[in-house]
Amino acid sequence: MRKSLLIAVMFVVLASQLVLSADTTLSVDYVIADESIRPGSETTITFTLTNPSSSVDITSIKAYFSGGSDLEISPTQITLGGLDATRTKDVAIVVKAKSGTGISNLNARFTYYAPTQKIANVNVPMEVKQLPTIQVLGTEYDRVPGPGSAIKLNLTLKNNGDGSADDIQVELGESDAFVAETNDAYVDSLIAHGVVDVPFEIT
């Protein structure tokens, strides 16, 4: 009788310990809609929350989003409720790059109970790039233009963006004073912040 009672008590204690030790941790992954964004533009970040446990539910999930002064985030906090065992849930936010270029970091913090209170922090690095913009730095003639003389005109172009500019078409406007052998030129590629000279022959 004592042995049976002892076994029963030990079983109850063991069962209680198993219940108290039942635990899970929220898994968080994310996907950024755009590989990079430019100043003034927006992108969407989708977070996928997963409860990997087969028996423990996650409750009272809240999300908080923050970044530097160069990022505008909407919304900055969301109440997500619970997440049953083995289930997933998506949450999306919109992020706008205000100014500047380089890597901007967004922090996502998720608080929840499983069954005790826990916190999951996720850092999201975002690349902000200036799109390719072509600037004409200057023009140069190989000699002083004169009536009937053939001269070479050189246009100097610069790519002010953070990415390569490809398939650049340069076209001269019509003029009563000059006639060009060809009015257009083609530049295959110009690297970020690169400079290139584009020659024309005119009379």
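**Close-up views of a predicted model**

View 1. Of the 203 residues of the chain, 30% count as buried (under 20% relative accessible area, with exposed meaning over 50% and partly exposed in between, for a 1.4 Å probe and protein chains only). This is a predicted model, in which local features need pLDDT of at least 70 and side-chain atom pairs count only at pLDDT 80 or more, whereas totals for chains, interfaces and linings use all residues. Residues are numbered from 1 along each chain as its sequence is written, and side-chain values use heavy atoms, with hydrogens and water left out.

**View 2. Secondary structure along the chain.** The chain holds one helix and 13 strands (DSSP runs, H or I of at least four residues for helices and E of at least two for strands, numbered from the N terminus). In sequence order the pattern is α-β-β-β-β-β-β-β-β-β-β-β-β-β.

**View 3. The largest nonpolar core.** This core, a set of buried Ala, Val, Leu, Ile, Met, Phe, Trp, Tyr and Cys residues joined through side-chain atoms within 4.5 Å, has 29 residues, and those with the most contacts inside it are Phe 47, Phe 65, Ile 93, Leu 106 and Phe 110. Two or more residues each come from β2 (42–50), β3 (58–67), β4 (71–74), β5 (77–83), β6 (88–97), β7 (102–113) and β8 (117–128), and β8 gives the most, with five residues.

**View 4. The surroundings of Leu 106.** Leaving aside neighbours within four places in sequence, Leu 106 is in contact (heavy atoms within 4.5 Å) with residues including Ile 45, Phe 47, Phe 65, Ile 93 and Val 122.
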